[in-house]
Number of protein chains: 2
Amino acid sequence: MKLTIALTFGACFAAGAAWAAEKPAPAPNGIELPAYYKNWRVIGVSHRQDKESLRVIVGNDTAVDAARTGNTHPWPDGSILGKLAWKDQTHPNWPAATVPGEFVHAEFMIKDSAKYAKTGGWGFARWLGMEQKPYGQDASFVQECLACHDQVKDNDSVFTHPAPLP
Amino acid sequence: MKLTIALTFGACFAAGAAWAAEKPAPAPNGIELPAYYKNWRVIGVSHRQDKESLRVIVGNDTAVDAARTGNTHPWPDGSILGKLAWKDQTHPNWPAATVPGEFVHAEFMIKDSAKYAKTGGWGFARWLGMEQKPYGQDASFVQECLACHDQVKDNDSVFTHPAPLP
């Protein structure tokens, strides 16, 4: 047990250090790309047939802890949900499997019920492609986010239902 | 930066401690369920239309480091790949999205080119459902795994191609 904790400890430290890279530009509403999102744990997955893309939903520790204890109505302040999307591609050896092609975007919802009171308690931001270009001409891009997310107001404006895990 | 590392450090320690739970029974070939797999980082995702299931592919640190540095031909010894599968379900608010329903299984490939030389360098194991019941009546279940994985011998017997990430 001690060894396992020590190894987890060391591995996380190394992962943290490796992430000390330069950040892309912030979104037009001032939100910065969360630095370590590629190391976050899994909350869910989806396949959008309308967008022909596969998505993995990850979260920071606050969000994952909330998801895994059923504490998401509402999600607690400090939660950050990240959605990583890839274009659909057919597996070269398994035609009945859709797998990730080109990376489309990483998008985030940041819960701060005071700071983002006007947008359902969530701050929205998205970075496009491998170059992580901030989405939106100006801060009004958030209206696009809300146009969809408003229809899941009863689920704290979140489409993702955490995937069941043992 | 110091604070970020300290936070990463603390969060990982807490996650590690929370995982000190009892393990399910080992697979019939003696492989034990990796204790912390639900905290592993993402390597890929897939949608198997033939099995009507969504999958997230995660890996231990050795596997993720290999995936993110393009060092997967072959995957290094010590790599463990985990595949978490859920039955397809239609999103209640978005009919064009397939999302996770019932949890199907967690399955693993463990790379040890000496120990598993007879099965392409990989040890295979699977645990079914929320109760994590070991798959297979006896150790011969591995032949089922190989029957499929042999067709991707040129990719080190692995179907997953790591999803591109910025």
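Me: On the other side of helix 3 of chain A, which residues are exposed?

Reply: Those are A:Gln143 and A:Ala147, where exposed means over 50% relative accessible area, buried under 20% and partly exposed in between, with a 1.4 Å probe and protein chains only. Helices (H or I, at least four residues) and strands (E, at least two) are DSSP runs numbered from the N terminus. This is a predicted model, in which local features need pLDDT of at least 70 and side-chain atom pairs count only at pLDDT 80 or more, while totals for chains, interfaces and linings use all residues. Residues are numbered from 1 along each chain as its sequence is written, chains are lettered from A and ligands numbered from 1 in the order in which they are written, and side-chain values use heavy atoms, leaving out hydrogens and water.

Me: Which residues of helix 3 of chain A are buried, and why are they on the same side?

Reply: An α-helix has 3.6 residues a turn, so residues three or four places apart point the same way. In helix 3 (residues 142–149) of chain A, the buried residues are A:Val142, A:Cys145, A:Leu146 and A:His149. They cover an arc of only 95° around the axis, taken from the directions from the helix axis to the C-beta atoms, and so lie on the same side of the helix.

Me: What do the buried residues of helix 3 of chain A pack against?

Reply: They pack against strand 4 (94–111) and strand 5 (122–128) of chain A, contact meaning heavy atoms within 4.5 Å.

Me: Is A:Gln151 buried or partly exposed?

Reply: A:Gln151, in the segment after helix 3 of chain A, is partly exposed, with a relative accessible area of 41%. Not counting residues up to four places away in sequence, A:Gln151 touches A:Phe159, B:Asn93 and B:Trp94.
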